[in-house]
Number of protein chains: 4
Amino acid sequence: MVDRIRLGMVGGGKDAFIGAVHRFASRLDGEYELVAGALSSTPQKAMESGALLGLAPDRTYGDFREMAIRENRIKGGIEAVAIVTPNHMHYPVAREFLKRGIHVICDKPLTSNLADARKLAKIAHDSGALFVLTHNYTGYPMIRQAREMVAKGELGAIRVVQVEYPQDWLTEAVETTGANKQSEWRTDPARSGAGGSTGDIGTHAFNLAGFVTGLELDALAADLQSFVPGRRVDDNGHVLLRYKGGARGMLWCSQVAPGNENALRLRVFGEKGGLEWAQEDPNYLWYTPFGEPKRLLTRGGNGARDVAARLTRTPGGHPEGYIEGFANIYAEAARAIRAKKAGQPIPADVVFPTVDDGVAGVAFVDACVRSSARNAAWVRLG
Amino acid sequence: MVDRIRLGMVGGGKDAFIGAVHRFASRLDGEYELVAGALSSTPQKAMESGALLGLAPDRTYGDFREMAIRENRIKGGIEAVAIVTPNHMHYPVAREFLKRGIHVICDKPLTSNLADARKLAKIAHDSGALFVLTHNYTGYPMIRQAREMVAKGELGAIRVVQVEYPQDWLTEAVETTGANKQSEWRTDPARSGAGGSTGDIGTHAFNLAGFVTGLELDALAADLQSFVPGRRVDDNGHVLLRYKGGARGMLWCSQVAPGNENALRLRVFGEKGGLEWAQEDPNYLWYTPFGEPKRLLTRGGNGARDVAARLTRTPGGHPEGYIEGFANIYAEAARAIRAKKAGQPIPADVVFPTVDDGVAGVAFVDACVRSSARNAAWVRLG
Amino acid sequence: MVDRIRLGMVGGGKDAFIGAVHRFASRLDGEYELVAGALSSTPQKAMESGALLGLAPDRTYGDFREMAIRENRIKGGIEAVAIVTPNHMHYPVAREFLKRGIHVICDKPLTSNLADARKLAKIAHDSGALFVLTHNYTGYPMIRQAREMVAKGELGAIRVVQVEYPQDWLTEAVETTGANKQSEWRTDPARSGAGGSTGDIGTHAFNLAGFVTGLELDALAADLQSFVPGRRVDDNGHVLLRYKGGARGMLWCSQVAPGNENALRLRVFGEKGGLEWAQEDPNYLWYTPFGEPKRLLTRGGNGARDVAARLTRTPGGHPEGYIEGFANIYAEAARAIRAKKAGQPIPADVVFPTVDDGVAGVAFVDACVRSSARNAAWVRLG
Amino acid sequence: MVDRIRLGMVGGGKDAFIGAVHRFASRLDGEYELVAGALSSTPQKAMESGALLGLAPDRTYGDFREMAIRENRIKGGIEAVAIVTPNHMHYPVAREFLKRGIHVICDKPLTSNLADARKLAKIAHDSGALFVLTHNYTGYPMIRQAREMVAKGELGAIRVVQVEYPQDWLTEAVETTGANKQSEWRTDPARSGAGGSTGDIGTHAFNLAGFVTGLELDALAADLQSFVPGRRVDDNGHVLLRYKGGARGMLWCSQVAPGNENALRLRVFGEKGGLEWAQEDPNYLWYTPFGEPKRLLTRGGNGARDVAARLTRTPGGHPEGYIEGFANIYAEAARAIRAKKAGQPIPADVVFPTVDDGVAGVAFVDACVRSSARNAAWVRLG
């Protein structure tokens with residue numbers, strides 16, 4: 001078989017949602033082989049989870065530091081590690097691997113606070129290892145295409161950005177019932193960070209808007225709420241956006257909006273046209289050149305560009321989804337890792353979210369929290 | 001034939017969009033007969049327009065004051081007048097008719113400024129005549145149903161209101177080309193008022209959100225823009241909403257969003273469920289009780305309530321639209337007018353937007369403009 | 001007021017669905033005034049219905065023959081009559097008015113059997129009066145546009161026609177419950193004709209496909225079913241279509257398809273492109289030139305042609321619906337009637353379904369029934 | 001790593017669409033490892049394709065017989081083979097592997113003619129090896145759910161089945177241009193079989209309808225066309241369906257319908273309700289209990305059943321697509337293979353299309369061709 005990239009994982013034990021997604025994504029193109037893991041902070045669960053995944057017992061670790069040390073020493077140790085722990089652990093875990101030159105593929109948000117984020121960025125830049133942040137929605141082909149269309153000026157100068165990310169899974173106080181593990185740490189500021197919905201999904205929305213438009217946020221005014229009594233982090237956020245250069249926008253994130261599963265949606269309007277994309281139907285991109293009929297561009301179909309086709313595995317009408325988009329981040333990372341390994345420059349068309357995007361995301365959450373604390377006053381981003 | 005209500009019209013000469021709509025709406029149920037008009041401020045055009053509509057020459061007026069005076073005097077003079085002029089004329093025109101006891105059906109926004117609005121409200125209340133404001137979207141059956149569902153507590157306490165009203169017809173500086181009459185006065189603060197998109201469509205969105213939720217707006221923070229160079233009023237508005245009782249919301253109105261024709265959309269989320277409605281597909285109402293599958297309620301179909309059925313003319317699957325919704329306002333007005341005429345109380349289930357709703361709408365625009373001038377500071381309403 | 005066309009109505013008493021629709025349609029543009037009626041075959045109900053509509057007592061008839069005779073004699077008698085009775089009465093009623101030179105606007109299907117249809121066509125042609133059949137779906141602007149696009153060759157030679165018209169209101173044996181008047185006569189072969197769903201809605205589908213494509217049906221093979229035990233007419237029909245010139249198609253009509261209110265849908269595919277239109281969302285027309293992205297054409301919006309604009313009352317994004325489409329048939333009829341009255345030729349662009357279209361529709365039903373009786377053998381039309 | 005099932009592949013060299021899909025599907029869950037292949041009938045291309053996939057040179061074969069013989073002999077030889085050749089090769093290839101006890105995962109249709117299909121079924125049944133046919137659409141979670149809902153009687157007795165599968169990629173004579181390899185063999189009766197669109201996609205539609213409804217087709221009447229001049233197989237098929245027990249249906253398949261990429265759609269109507277599913281938006285299932293509002297069931301969301309959840313990898317709102325559905329067939333096959341290996345019975349809930357489903361599919365194509373040759377006469381299915 002092709003010489004697969006040896007991958008480790010920290011976090012992602014049985015029943016964890018995002019750990020499983022990273023594994024699907026790593027497997028789809030046959031570029032990685034999961035060979036080691038510290039899959040849980042509970043040693044017993046770590047061993048069980050490793051066994052379920054078929055990891056060798058001596059590569060199933062109860063502690064991530066031990067894993068970093070040993071994998072760095074042994075022949076055939078991991079080349080990259082996927083970090084899928086709660087947010088507050090991203091920094092300490094990533095640090096251990098980065099300083100040993102092991103590439104990091106880390107879930108978002110980058111860290112649970114801005115100080116950690118900045119330290120981590122410095123460590124990553126100094127390490128020589130790659131740092132890939134899985135803002136996975138940037139891996140969707142039609143998002144790549146939207147980004148290219150904006151970059152090529154097909155919409156003219158961007159005026160308005162409407163981005164939203166509503167969910168409904170925290171409509172009730174599920175974190176108090178013991179029935180939903182993820183809700184517990186997601187609503188715990190110590191593990192999740194000061195932002196709740198802003199940190200979990202607002203960062204995705206913020207990242208996606210910037211990724212597609214290429215605009216840099218200048219200032220925001222945020223009105224955050226915790227609607228569910230007793231909840232310790234925001235579960236709904238309304239944010240006004242001012243981008244450098246004059247574009248304006250709105251961002252809405254919510255985890256208390258019944259009827260919304262994972263309804264990330266981006267609309268961008270420029271002087272010459274508009275685009276609309278919805279994550280739950282990701283194979284479509286609406287494009288309206290001003291004064292002409294709306295066009296429904298499809299991934300792999302008529303109207304799809306090379307930039308989308310490159311990250312597509314099936315023809316139009318054969319829907320791809322969340323895992324495929326996620327896998328595209330892994331595929332881009334694989335290209336970068338292989339280039340590094342071969343001592344070659346990373347190909348110019350490789351695109352993935354970086355540690356700096358991660359710092360921007362944490363700065364966004366930080367700014368939202370600060371603004372909201374000051375009655376939605378305008379707050380500048382770093 | 002049924003004894004129709006004798007209707008006059010001020011404004012709405014040939015080529016005027018909204019005047020024609022009022023005429024369609026007045027005709028649909030056979031409740032009104034247009035018998036007099038001051039259809040244009042240009043006498044020549046007024047006469048031509050009257051002739052086209054088959055008005056008798058002696059009931060075709062070049063001046064609205066003359067019309068009010070004479071119609072009030074003659075036997076069989078008008079019982080009600082539809083006012084479809086540019087905004088700044090609503091106040092002086094309505095005053096003339098109200099003070100003569102002639103019912104007024106007036107297009108929105110109520111006036112071009114808050115002072116006029118308040119004066120007009122007083123006049124209306126003192127007059128004994130009816131004042132019906134055509135926030136026509138409140139006439140859609142599924143909007144009535146949404147309102148009832150909220151009122152009955154089916155969504156629980158409302159937490160979040162997302163309302164938006166994007167259009168694209170002012171994407172370019174069409175008001176400078178001479179080709180689009182409506183754009184000229186709509187972008188002229190003297191005729192339209194200080195709000196551009198906020199006044200024209202933002203008021204509709206604001207009204208609709210309040211109508212459905214029954215919530216009263218406490219404060220707003222608005223960031224208004226005039227994206228088209230040289231434009232004298234806002235063509236895009238981003239507004240944070242705080243309702244009394246704790247609900248929060250966002251309102252977006254835009255006339256520079258390519259791909260949007262008339263895309264008013266309302267989403268309401270409560271503790272127990274959510275609703276979604278879009279003006280361009282008004283026969284549908286999405287309803288999601290939390291934890292259950294989404295349901296697509298249809299006007300006239302399964303899931304439609306009496307309150308919707310009462311304002312519906314055709315069975316489910318036979319789409320009704322903008323004119324029918326508008327006509328429902330006229331139908332409600334007719335019921336009120338007939339009750340008045342008969343010396344009876346207005347039936348309890350008659351619902352139409354009033355002069356007070358109009359004041360609230362102008363106050364909303366006023367607050368938006370003031371907030372935006374103060375860098376989107378929070379501004380209280382009322 | 002404009003000199004309105006004096007209209008009578010036969011059928012359409014209180015609670016009748018289609019009679020009310022004809023009245024809405026006749027009123028919308030202010031071209032007609034309903035002044036006489038034989039609204040029910042039950043004299044008592046006829047009088048009550050007339051009173052409700054404000055008809056003068058002496059123009060409220062208990063018998064259609066009496067109405068035809070008297071209206072023909074009196075000064076200011078009706079110029080046109082709308083026939084909205086059960087199918088089997090179309091022929092005898094229309095005959096009485098046609099032979100007195102009164103224009104007829106008749107609901108579909110033309111008659112309950114082919115012999116009547118042919119006799120009626122002869123009478124209509126001999127009469128000099130106009131005969132307008134309300135295949136109302138041909139009145140939708142986007143249908144007119146689709147027709148023009150095909151006629152202009154924008155789709156190339158048509159290859160495939162897929163047309164369907166499912167409903168669900170006869171899923172259960174509602175005709176036996178006494179609760180649904182319309183279902184009683186619609187499922188009674190004596191009043192409805194030999195076709196059930198084929199006659200009621202299959203004719204619409206057949207007519208629409210022919211209207212848009214301009215193709216003439218050569219032969220069909222029909223497999224009709226009566227799924228509800230005891231039902232005397234078909235409630236579901238599957239029909240293979242062979243058009244002259246080589247195009248092929250399928251037609252499905254059903255009144256036992258739960259989830260379908262009135263879901264008429266037409267798809268046409270040619271050598272160079274495809275079109276798709278759905279009655280429940282009539283303001284949209286999907287157009288796909290082969291090899292290009294799909295375009296969503298909207299009534300009144302970008303991509304709308306003159307032929308659609310002429311029959312449109314509001315701008316794009318202000319939805320029009322069933323009544324507006326129906327009213328377009330009345331508007332076309334009004335233009336023809338006024339031309340006749342003025343002794344002028346009917347304008348070339350006036351389009352409405354004629355008695356000949358009606359004969360074709362009844363022939364379609366007849367062919368379906370004959371084919372199905374012969375185990376879905378091919379049956380020639382015409 | 002988990003002890004993966006050793007997989008070989010016949011066909012699927014570089015640039016082949018379906019071979020790549022099988023590889024994605026085999027990798028997603030980490031259950032298979034591709035270790036051998038006869039990827040092309042051209043030895044040079046076979047070697048190149050093997051190298052690209054990282055196959056060992058000694059497991060890259062130029063001939064499938066040689067591969068079957070050697071893999072059967074060597075230690076660690078393949079346990080299963082994926083056959084992704086043109087249709088006419090399915091039979092000879094499968095035979096070689098089956099008779100050596102190697103499990104077969106074979107693309108559809110089963111064979112290019114009915115005689116081969118029957119022989120193959122016998123060989124498969126006699127072999128003791130598993131035969132899995134990749135009617136991949138049966139792997140979609142919402143299809144499994146639809147099937148369960150029908151089986152549990154939630155729709156009542158099924159009356160009407162509407163299934164269609166339009167595409168547009170053969171709208172022009174692309175098989176004559178040399179630019180599209182797949183079109184060449186797909187339109188060549190010698191390699192594809194007598195059915196064109198019927199064989200390629202009609203079989204999918206036929207299979208899906210039967211899979212969901214559990215109904216067995218009794219007879220059909222087919223009108224097949226070859227619209228593109230010179231085309232040797234059908235590119236459009238219209239088929240009337242009669243199921244045992246009285247349900248009726250229509251099947252449309254087309255490869256000349258511009259605007260359709262891969263628009264497989266199934267609608268099923270019973271006495272008590274209806275279902276609708278579209279392959280291009282596979283995460284949704286419309287369900288309408290008669291007399292109630294439509295419900296939009298989502299994969300992983302509210303309304304999803306265990307039978308869907310079992311085959312789902314991500315929560316609701318995280319769309320899955322074609323590859324995931326395909327991978328579900330591989331996952332089911334893996335469970336069966338592991339059970340066999342362990343000498344245990346195949347778990348009762350393992351579901352995949354079998355060789356017998358394949359025979360039924362080829363019999364369907366055969367019946368379509370025979371019926372069409374006899375002017376769409378009714379033809380019984382064996």
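Guide: Strand S13 of chain B (residues 294-298) runs alongside strand S13 of chain D (residues 294-298), and the two pair in the antiparallel sense over three bridges. Here strands pair if DSSP finds at least two bridges between them, while strands (E, at least two residues) and helices (H or I, at least four residues) are DSSP runs numbered from the N terminus. Within this pairing, Lys294(B) stands opposite Leu296(D) in S13(D).

Before going further, please keep in mind that this is a predicted model, in which local features need pLDDT of at least 70 and side-chain atom pairs count only at pLDDT 80 or more, whereas totals for chains, interfaces and linings use all residues. Residues are numbered from 1 along each chain as its sequence is written, and chains are lettered from A and ligands numbered from 1 in the order in which they are written.

The contact between these two chains takes nine residues from chain B and nine residues from chain D, where two residues are in contact if their C-beta atoms, placed from the backbone, lie within 7 Å. On the side of chain B that touches chain D, the residues divide into three nonpolar, three polar and three charged; Ala, Val, Leu, Ile, Met, Phe, Trp, Tyr, Cys and Pro count as nonpolar, Asp, Glu, Lys and Arg as charged, and the others, Gly among them, as polar.

Chain B is superposed on chain D by a rotation of 180° with 0.0 Å of shift along its axis, at an RMSD of 0.1 Å. In chain B, the C-alpha nearest that axis belongs to Arg295(B), 2.2 Å away from it. The superposition is by least squares on the C-alpha atoms of residues with pLDDT of at least 70 in both copies. The copies meet through the same surface, because 100% of the interface residues of chain B are also interface residues in chain D.

Nine of the twelve residues of H1(C) are buried, including Val21(C), Phe24(C) and Leu28(C); a residue is buried if 20 or more other C-beta atoms, placed from the backbone, lie within 10 Å of its own, exposed if 12 or fewer, and partly exposed in between. From its first C-alpha to its last, H1(C) reaches 17 Å, close to the 16 Å expected at 1.5 Å a residue, the expected span being 1.5 Å times one less than the number of residues. After H1(C) comes Gly30(C), which has a positive phi near 70°.

Turning to chain D, we find an open sheet of five strands in the order S2-S1-S3-S4-S5, with parallel pairing. Its edge strands are S2 (32-38) and S5 (131-133) of chain D, each of which pairs on one side only. From one strand to the next, the twist averages 25°. Six bridges join strand S1 (residues 5-11) of chain D to S2(D) in the parallel sense, and the bridge partner of Ile5(D) in S2(D) is Tyr32(D). Helix H3 of chain D (residues 64-73) packs on the sheet, touching S1 and S2 of chain D, and its direction makes about 130° with that of S2(D). Helix H4 of chain D (residues 90-98) lies across S1, strand S3 (80-84) and S4 of chain D, running at about 160° to S4(D). For such angles, axes are lines fitted to C-alpha atoms, for helices over the stretch in contact, and the values run from 0 to 180 degrees between N-to-C directions.

In chain B, helix H4 (residues 90-98) is largely enclosed by the rest of the structure, because seven of its nine residues are buried. Tyr91(B) and Phe97(B) are among these buried residues.
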